[in-house]
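Here is a friendly walk through the model shown below.

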Amino acid sequence: MKVSVIRILLKHELRILSRNKVLLSLSTLIIFILLSALWIGSSMLRKQEQTISKIQSSEREMLDSLKTRIRRVEANHMVYPGFIWDDPTFAYNTARNEGPNYAIKRPFPLQALNVGQSDVQPFYYKVYLNKKQYLTFESEIENSFLQFIGNFDFAFVVIYLFPLLIIVFSYNVLSSEKEQGTWVLLKTSNQSLAQMMICRIVIRYILFTGFFWLLVTPVLIASIGSNFLFSANWQWIVAGVSLYFAFWFALALLVNSFSLTSNVNAMVLIFIWLFTGIIIPNLLQIGLNKIYPIPSRIDMLTAERDAINKYFEKDGQELTKSVFSSPRTMIRQASIVTPGMVYGYGVIVYKSQEIKDQAAAVAEEKLYAQIRKQQEGIRRFQLLSPALMMQEELAALTGSHWYQFNQFSNDAATFRKKSQQFYYPKMASESTYRSFTLKDADAIPRFQPRVYADFSWINIRQNFCIYLGIIVFLSFIGYRRLLEAKK
Amino acid sequence: MIRLIFKKELKELFRTAKVVWMLGGIIVLLLLALYNGNSYYENHSTLIRESQEMTYQQFISQGDKNPHLGAHFGFYAYKPTADMAMIENGIEDYTGNSFYLEPHKRGVVKFKEISDATGLRSFGFLNIGYLAQFILPLFIFLICHNIFSKEWENGTIKMLLSSKASARQIFMGKLLSCLTLVMALVLFIALSSLILFAKEHHTAGLLNRVLPAFTCYLLGLSLFAAMMTTIGVSVSLLTRNANLSLIVLYGFWLIGVFLLPRLAGELSKNIHPAMTSLEFENQTFNEKQYGVGNEGHKDVRREKLLQQTMQQYQVKRIEDLPVFFIPITIEFFEESDAAVMDRAYKAVDDNEARQDRLVLSSAWLTPFLAFRDFSMRITATDMDTHNDFTAKAEIHRRKIGVIVDDYYQKNTVAGNAFWKTVPQFAYTAPGIGWRLSHAAGSIFILLGWTLFSIGLMVYAYRKLTV
């Protein structure tokens, strides 16, 4: 096709698009929505960063307070004036009070585009020795009803709303010519009708996608800085989203090529949107839940509690007796808390926790294995639903996917073990009971926060190529049908 | 005349291939929704029932222990799966269902199932409630969008208007034909759900709890479906163009189902921001440790309590007390700490209620949200029912605290005989009267939308001219 014809088509497209009032109103609305989504995403990111900064400053304050209190006790001949359970020279007390540190997942700046799992998974844990974080964590104080409604972010706008705009943009490219009676006129042209239609769709795609990125990129730079521009994550986001838009344009071309009425075209496209965007993910959910049911965390609790009851039938009873019945601990006195009692509780808690951790590890592995299998299932079948694939990729590329939160959770579990190894020997030191020193306070393990934005596990290249292939195939079929339509 | 138009339209609807396909599709989805909802209910209710029994058995068979240590072993209060969760599970998976009954620690409901769900969950959970709120309105719009506009496009409008039928009769005939199709689906939902309820619940439970609530649910669903049909038919008449009508109705659906609720949710988060967990923890710790107002530091209060207790028993040394002092302090601080925690949780709950109210107020712009809220409240899968469960579980936790501390004042070892005196927890969701009163806001909005749809209908058929 000649450049001059393309130029004429471009002018023609610009003119008819600018004269379509429904389209213009819808575009204005969606632009407003897109900008709102970007603003909401970047506000959430900023809020997370502020919370992390507050956590770090709180940790520093806690450490300072701990050291000051230990210094005061040491200067006062090891006499602690307050309640014995608050005395920081007992390792057990420090492990419960000022000792627990935070494990933090630093947000990736592009998280501003997609909330993903970050509203239901915690981005920080306070790591306690005697509490498994998966059994105790609660993410930020979130309103369950608002979580249920869902988030309003860039990903939602792209996945749900933009296909609607594309449908309005392209459902009647060919049918409107027929309905307005200009089709006969077009047939007298010496240009290929099929090529002209393809060209019109491509022009619309370029205009649409170009305008989209011209709008999104500067707004994003203004809200989160420009560093993301050079990351592979951003480049794949641009490629993935552009491909997603291309899919809908190619589908519109194919539907148009069947020479149906505009109304039927629109209905078919809406049905495909509904089927691929809502029904397939739901069917997949039903299937995966049936094949790989995810056990409840209640099972872990039951396993833990069973183990602890068994332990207290014999070994635990003996330990309790030896610790609590000792004249030194005076536990049975139950009016004055003695140093031995603090030590005794520490030993019991430490031993019980070891038992509980071992018992829960089996149930925990079962839970995560099932989730991993479901994730694997999603990866295998996501090609059936462009919306699902887009959601999975955007989550992975913005660092808010379940895998990344799971990595963080594993790191937090490792950190907890490290903390246990640090505190347990000190808690079990019977010689003095009060074994925690200033030097120990400085040696309390700290978590090294990091960003979790690796996406090497999603086979993004393969998905991209497959979808590109699907788009080329849809366009080719559409083109062939348009060649037929000329007759 | 209305009957004639009604018959003609109904025949035409059933002779349109796309309508028959859509009807087939939605029936398949309905069956899937019933299956999925039923599986959900069976799995969850069995798990919760068995776990409630198991956790209590573990507690009462823990053997000889220091009473306080044994109380810390505690047990869980599990929120029973709602009676009607097989058709609507609302926010059940977002709230968690396990409340730890442990001394001097205000329980928090844990284990939100959504935390272990994959990204698929963000696409919704297919059950009758989801189908009624999301898919059914779209199905209605797809059926109704060209019920009038086709007359203009086929050039039959003049013929229709020149007949003996009045504009109102034409409108009513077409509306009733669409309504018949839609209500047939509602009837299908009603009958199939009833079969499931009868299968899962014993007769007394079915008659006393499920049927009254389900009747209200069906009334609400019928009203909602009729309203959607009226809007669809009216828009079809007003636009006189199938494409425009489809875009307007589809846009209305998309905005109402997805866009507006989410936007309102974000807005409410910004207008009524929640405090962070860190702030919550620091604030409650400080209030408990340093006291509120003139209460003084915990150490000061403990000393004061000791003096009072010694005075009460007329002794001069703690060792001479006829009861153990530690359980007395535990009980004392249980009360003062509980006041701090109650205040803090009330602030969180109040803020969430403000957020929810703001979101619900956006239902004046979209009836979908009002129906969703109504559906959750009637099926007891809403936030208010969850808060009711939390409040009752917390009362039970404190009751256990008192029982154990009273015992601990005179005994340092508790055996299974004592543990068995601690009562099991049982929860039943409030009845239909309570649910209806809590759903008053959404019912009011739904009635407002019904009036709007009637107004739109009258306005539309008055415009029925060539």
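## Where the chains meet

In this predicted model, the contact draws on 75 residues of chain B and 69 residues of chain A. On the chain B side, the elements that each give two or more residues include helix 2 (17-60), helix 5 (128-144), helix 13 (325-361) and helix 15 (383-408) of chain B. Helix 10 of chain B gives the most to that side, with 16 residues.

## The overall form of chain A

Turning to chain A, you will find 18 helices and three strands. Its radius of gyration is 31 Å, whereas the globule rule gives 23 Å for 487 residues, so chain A is more spread out than a compact globule.

Buried residues account for 44% of the 487 residues in chain A. As for the contacts in chain A with a separation of 6 or more, 83% of them join residues 24 or more positions apart.

## A sheet of three strands

The strands of chain A form an open sheet in the order 2-1-3, with mixed pairing. Its edges are strand 2 (124-126) and strand 3 (450-451) of chain A, each of which pairs on one side only.

Strand 1 (residues 102-106) of chain A pairs with strand 2 of chain A in the antiparallel sense, over three bridges. Within this part of the sheet, Ala103(A) stands opposite Tyr125(A) of strand 2. Helix 2 (residues 21-75) of chain A packs on the sheet, where it touches strand 1 and strand 2 of chain A. The direction of helix 2 of chain A makes about 155 degrees with that of strand 1 of chain A.

## A closer look at helix 10 of chain A

Is helix 10 of chain A mostly covered or mostly uncovered? Helix 10 of chain A is mostly covered, with 20 of its 26 residues buried. This helix spans residues 232-257 and reaches 37 Å from its first C-alpha to its last, close to the 38 Å expected at 1.5 Å a residue.

For a backbone detail to check in your viewer, go just past the end of helix 10 of chain A: Ser259(A) takes a positive phi of about 55 degrees there.

Key
Residues are numbered from 1 along each chain as its sequence is written. Chains are lettered from A and ligands numbered from 1 in the order in which they are written. This is a predicted model: local features need pLDDT of at least 70, side-chain atom pairs count only at pLDDT 80 or more; totals for chains, interfaces and linings use all residues. Helices (H or I, at least four residues) and strands (E, at least two) are DSSP runs, numbered from the N terminus. The radius of gyration is taken over C-alpha atoms; the globule rule is 2.2 Å times the number of residues to the power 0.38. A residue is buried if 20 or more other C-beta atoms lie within 10 Å of its own, exposed if 12 or fewer, and partly exposed in between; C-beta atoms are placed from the backbone. Two residues are in contact if their C-beta atoms, placed from the backbone, lie within 7 Å. Two strands pair if DSSP finds at least two bridges between them. Axes are lines fitted to C-alpha atoms, for helices over the stretch in contact, and angles run from 0 to 180 degrees between N-to-C directions. The expected span of a helix is 1.5 Å times one less than its number of residues.
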